[in-house]
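Dear colleague,

Please find below the structure that I am handing over to you, together with its sequence. My findings follow directly after it.

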Amino acid sequence: MNPFPVAKITFEELLKEKSFIGLLTLEVFLLFVSKLISNVVAGDTVKVAMDFALSFFFFTVALYSVFVSVGSTFRDVSDRVVYLILSKPLKRSDYVIGKFLGCTLAVALFTFLSFFIVTSGILTISSTANLYVPHVVVVERVFLLSLLVFLMGVFLSAFGILFAILFTSQVLALISAIFLFLAGLELSPVKELVVSSKYVSPVNKLIVQIAYYLFPNFSLFDVKDYVVHLAIKVSPLFFASVFIYSLIYTSAVLLVATYLFDRREL
Amino acid sequence: MGVLVVNNLRKTFKKNSLLGFKKEEKKVLKGISFEVFEEIFGFIGPNGAGKTTTIKVIMDFVKPDSGEILIFGKPNSDISVKQNLGFLPERPYIYGSITGEEYLDFCADVYGIPYYERKRKFAELLELVNLTGVEEQPISSYSKGMVQRLLFASTLINDPDLLILDEPMSGLDPVGRNIIASVMKMLKEKGKAVFYSSHIIQDVERLSDRVAIIVDGKIKLLDSVANIVQEFLRGYVITVRKRGSSSLEVLKVGVDELWQLLERLKSEGYEIISVEPDRLSLEEILVSYIQENRRAG
């Protein structure tokens, strides 16, 4: 198995894509927007600004992961780049895994740079406010959030590659991945609502519970509250379990993607 | 045994009808067989005849319904055969954002070419296709012909024994076509096999040792260019001049009557200026097969 050449060229290609710099620039712009919003909203301005900045960070990384994975894989097939790659002594699984690793590297760099942008922004916002914010704790918590956001990006990249292989339309693949992400974010509240309701039948509750465990749960990666509200504590076990969850789920998605790509006529 | 053996290849594409109820079937390959040795083998046919599908099946991008493909004596699905094979698809494309050198680096990574050998190897390949000095520029700044030449050069990075090229000349200017043609000839002289499809018949006629004509998924003719030319010889065109006269006369004669006529002309005091074969060109032969197929179908 030799997925590294594909990973390397994918990473090189993605770094030079306009979307990389474009979305990072958008993040800087959204930091200013967060500050402006915090000025007009009642409450703790630093917390409100942080909340918006982290939400923008979370969604920007998600969008970047979906766009690069779907776009890059889909383009390879539609523009026949895949012929050049698979004419070499590489298995189709090398291609899928290599593509995934290349996207993962790009998402890692994007998240890392985003972490710097967002942290710098938050520290600047908090230093201009009159409230005391423990900077070390905030940076540490934003870093932990960034790790989870990176895992989410990796998870989404696997789905992006799967959908790019599965669908013959790039728009359909993109929309499906974005819908999956949005649905996966709202999974926990829906499950809680259904399970606690007395108007829902036990069978329907069971179906929702099964769907909850089968469907990718993107809300697990959303720990913005932990960063914004310093009183909230999260056990290290939670981070470990999210890591294992995304590792197993991502592997399963990649396995399906490889299986489908192996059988696809190019 | 040939370097590439294609035996009774059949392929049907299934297409869903408008409502998806009934699948339409189109037989694209109807029992294709041929063998490629250490030679330049041209694969010609009209659009939709099955040239690209045959190549896709050979490259294992598409699975055939039935038939056998052997490359260096091994099934084409065996990944190890690609270690010694070069392939250029039709209208090739590669990421515009990377440089030519980065793409060659990718190829070198795949074949495990050591870093210390790469600079020399890249320089040799780029010189071969007249692209020296552009390797550090992004591919988006290359012309279409330059991209094609770069990707052609990249197929040679592993020094393959078999080169499979799908329409390597299309989209190239005469200089580019000449470069590709001279590299193909050079490879043949080195004992390599080149299998290529083309619709530029003059190039096929000029370059190939053997030619297969595919029409409607079937091989209609497979022979050496020399034999085909001989087979489709209609006669000769003789240019003569009467002794003492300044005007030329052109005569047409059948294959069997040539020597007889030459003797007679000589005895009648004619000076023979030239004798040229009057034959069908490969293009005319291809067109005749297409028309014959249309009449039959």
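In this predicted model, strand β3 (residues 40-44) of chain B is largely enclosed by the rest of the structure, because five of its five residues are buried. The burial applies to both faces of β3(B): B:I40, B:G42 and B:I44 are buried on one side, and B:F41 and B:F43 on the other.

Two strands of chain B pair with β3(B). Strand β8 (residues 193-197) of chain B runs parallel to β3(B) and is joined to it over four bridges; here B:G42 stands opposite B:Y196. Strand β9 (residues 210-215) of chain B is likewise parallel to β3(B), again with four bridges, and in this pairing B:F41 faces B:R210.

Chain B also contains an open sheet of three strands, with antiparallel pairing in the order β12-β11-β13. Its edges are formed by β12 (248-254) and β13 (270-279) of chain B; each has a single partner strand, so one side of each lacks a neighbour in the sheet. From one strand to the next, the twist averages 25 degrees. Strand β11 (residues 233-242) of chain B is connected to β12(B) by seven bridges in the antiparallel sense, and B:I238 has B:L251 of β12(B) as its bridge partner.

Leaving aside residues up to four places away in sequence, B:Y103 touches A:I9, A:L84 and A:K88 in chain A, and B:I94, B:I98, B:I139, B:L151 and B:S154 in chain B.

B:Y103 also takes part in a helix pair between the chains. Helix α1 (residues 4-15) of chain A packs against helix α2 (residues 100-111) of chain B at an angle of about 165 degrees, with the axes 9 Å apart. The two helices, α1(A) and α2(B), are therefore roughly antiparallel, as angles over 145 degrees are counted in that class. Their crossing is right-handed. On the α1(A) side, the residues in contact are A:P5, A:V6, A:K8, A:I9 and A:E12; they meet B:E102, B:Y103, B:D105, B:F106, B:D109 and B:V110 of α2(B).

With kind regards

Methods: Residues are numbered from 1 along each chain as its sequence is written. Chains are lettered from A and ligands numbered from 1 in the order in which they are written. This is a predicted model: local features need pLDDT of at least 70, side-chain atom pairs count only at pLDDT 80 or more; totals for chains, interfaces and linings use all residues. Side-chain values use heavy atoms; hydrogens and water are left out. Buried means under 20% relative accessible area, exposed over 50%, partly exposed in between (1.4 Å probe, protein chains only). Two strands pair if DSSP finds at least two bridges between them. Axes are lines fitted to C-alpha atoms, for helices over the stretch in contact, and angles run from 0 to 180 degrees between N-to-C directions. Contact means heavy atoms within 4.5 Å. Angles under 35 degrees count as roughly parallel, over 145 as roughly antiparallel, 65 to 115 as roughly perpendicular and the rest as oblique. A crossing is left-handed if the near helix is turned anticlockwise from the far one by less than a right angle, and right-handed if clockwise.
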